[in-house]
Amino acid sequence: MKKLIQDFELVKYEELNCEHYVLDIKANEPLPEILPGQFVNVRVDNNNSVFLRRPLSIHNVDYDRNVIQLFVKRIGEGTKSLGELSIGATVSVVYPLGNSYSIPKNSKAVLIGGGCGVAPLLYLSKCLHEAGNEVTTILGVRSSYDAVGLEAYKPYGRILVTTEDGSEGEKGYPTQHSVLENENFDYSFTCGPEPMMKAVAAYSDANDVTCEVSLENTMACGFGACLCCVTDTKEGNKCVCTEGPVFNVKDLKW
Amino acid sequence: MVNLEVKLKDLVLKNPVMTASGTFGFGEEFADFIDLSQLGGILVKGTTRYHREGNPYPRMAETPSGMLNAVGLQNKGVENFCNDIYPRIKDYKTNVMVNVSGSLVEDCVETATMINELDHIPGIELNISCPNVKEGGMAFGTSCASAEEVVREVRKVYKKHLMVKLSPNVTDITSIAKAVEGQGADSVSLINTLLGMAIDAETRKPLLSTVTGGLSGPAVKPVALRMVWQVAQAVNIPVVGLGGIMNAKDAIEFILAGATAIQIGTANFIDPQVSVKVVEGIKEYMIRHQVSDINDLIGAINLK
């Protein structure tokens, strides 16, 4: 896939809560094919103390409007400044980067996301649904306050929630949801904090489910030049930016 | 029309803009973004005698106006380069040079010997300055005696352009530059990264798996510029300047300080098209200043 560097226009900012926001960025020309799990590397021009681009998961794609949606958590200076851009601002984007989640056909898939790791799961659920798969998405958050944006998943399948305080959905972590005990799945797809992904990997291993995880290692370039974002696999160090971010868990040393 | 062509001894560059090793992969990574034939040359990823896995993650930390890296020369070894990578990149219409690294003199000699056989590789950059390899690398470049030894032995087997990349982590870089010139280096490139470190105050942990790493980016530019200026006055071979060059203005500064050519490194990560933009920017500068030949700018700093 050809990688591009393009200027996008910020067309919409949606505050989800004090930690998370969604940006809609629009290209001047038709978007290339974008696969679920791929990411963009965004330049933060409105903060001089931010030197490198920020890699962000693609949350959703609207080919009709040439819009890419980014789901962002304010973690540091870069993600804070991106959330302060004005509508109409220019955003330099290098994309589409990385590989993608597998898209099986006519299978039963469970998508498990925690915290900001839900970012790639919306577009994934859409692509899985379109390929004829039965999609269940479980989002794990701290409390009902963080259970935002759920409506968007509903056209593509079932959406379930776990909260740590029990204020919405089932109480506990997403990997403790009863649906995982009561039903069988062919595939599990996950993104989020490493302990959660490792719990998804353990569940998948025990239940003979094919498991793919998306890693979020820090990186400088995003296209395989700097070799900074490696993860240790059974075949040695691999770049998360080009050979990932999605890995079959069997290839990792987890 | 302006003349951008420069010569590093017998090696002709169509313009003075090269890309720095370790920031440009094998060139292929940038082929979607730029036309590689517009560059004076590219320095491909550091190559060692044998396969190296490099250092564990995390290998990178963003710092004010720069970054630290501790990649540790991850590469598949020179045989893999010759057999698998060279056939893919040999027909690029630019000077493709290989950065040769190693912790033992004999490894550097063997690597250089193999690369000497590759018709489409007009030169090597002997890296005596990598700060991220435990057993050595930088050790060669921090004493005159060891720098002389490795350059002398590689010179015996390597017949084409021999550029030597110098470490800034020394008291007097001019003495190292003179030492490698004395052993037959055709040019010197400087600077490699400055040894640095970063700590997360909240977790009290270092940000790099190796604790220390190499600092690059605009943060190092004034140090690099000073060293290029000093070395250019101390040696008679061409100097290739690098360290924090982000745009054409930075590149011109290095040329005025005495660099015959420049390399763009960390900036490639932020703007993968920056190298060709610098070529265009140098042209615009020359037109604006009514300079018809880039060679008239080399060392043309006005000290009066």
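The following conversation asks how terms were assigned in a predicted model.

Biologist: What should I keep in mind about the numbering and the predicted model?

Modeller: Residues are numbered from 1 along each chain as its sequence is written, and chains are lettered from A, with ligands numbered from 1, in the order in which they are written. Because the model is predicted, local features need pLDDT of at least 70 and side-chain atom pairs count only at pLDDT 80 or more, while totals for chains, interfaces and linings use all residues, and side-chain values use heavy atoms, with hydrogens and water left out.

Biologist: Why is the pair of B:Phe24 and B:Phe30 called stacked?

Modeller: Rings of Phe, Tyr and Trp (its six-membered ring) pair if their centres lie within 6.5 Å, and planes under 30 degrees apart count as stacked, over 60 as edge-to-face and the rest as tilted. The search of the whole structure finds eight aromatic pairs over all chains. For B:Phe24 and B:Phe30 the ring centres are 4.1 Å apart and the planes stand at 15°, so this pair is stacked.

Biologist: What makes B:Phe24 and B:Phe30 buried?

Modeller: Buried means under 20% relative accessible area, exposed means over 50%, and partly exposed is in between (1.4 Å probe, protein chains only). B:Phe24 has 1% relative accessibility and therefore counts as buried, and B:Phe30, with a relative accessible area of 0%, is buried too.

Biologist: Why is the pair of B:Phe26 and B:Phe81 called tilted?

Modeller: The ring centres of B:Phe26 and B:Phe81 are 6.1 Å apart and their planes are at 35°, so the pair is tilted. The pair links distant parts of the chain, 55 residues apart, with B:Phe26 in the loop between strand S3 (17-19) and strand S4 (41-47) of chain B and B:Phe81 in helix H1 (residues 78-89) of chain B; helices (H or I, at least four residues) and strands (E, at least two) are DSSP runs, numbered from the N terminus. B:Phe26 counts as buried at 15% relative accessibility, and B:Phe81 counts as buried at 1%.

Biologist: Which residues do ring pairs link into a cluster?

Modeller: The cluster consists of A:Phe223, B:Phe24, B:Phe30 and B:Phe33.

Biologist: How do you know that chain B is in contact with chain A?

Modeller: Contact means heavy atoms within 4.5 Å, and 33 residues of chain B are in contact with 27 residues of chain A. Chain B and chain A bury about 2,500 Å² between them, 60% of it on carbon and sulfur atoms, where buried area is the accessible area (1.4 Å probe) that two parts lose on being put together, summed over both.

Biologist: What makes B:Glu62 and A:Arg54 a salt bridge?

Modeller: A salt bridge is a side-chain nitrogen of Lys or Arg within 4 Å of a carboxyl oxygen of Asp or Glu. The closest N and O atoms of B:Glu62 and A:Arg54 are 2.7 Å apart, and therefore the pair meets that rule. The count between chain B and chain A is one salt bridge.

Biologist: How many salt bridges does the rule find across the interface of domain 1 of chain A and domain 2 of chain A?

Modeller: Chain A is divided into domain 1 (4-97) and domain 2 (108-214), with bounds that come from an automatic or database domain assignment. Across the interface of these domains the rule finds one salt bridge. A:Arg142 forms a salt bridge with A:Glu19, with the closest N and O atoms 3.0 Å apart.

Biologist: Why is B:Lys249 called exposed, and why does B:Asp250 count as buried?

Modeller: B:Lys249 has a relative accessible area of 53% and is therefore exposed, whereas B:Asp250, at 6% relative accessibility, counts as buried. The side chains of B:Lys249 and B:Asp250 meet in a salt bridge (3.8 Å, N to O).

Biologist: What is known of B:Glu253 and its salt bridge with B:Lys249?

Modeller: In that salt bridge the closest N and O atoms of B:Glu253 and B:Lys249 are 2.9 Å apart. Both residues lie in helix H7 (residues 248-256) of chain B, four residues apart, about one turn of the helix. B:Glu253 has a relative accessible area of 24% and is therefore partly exposed.
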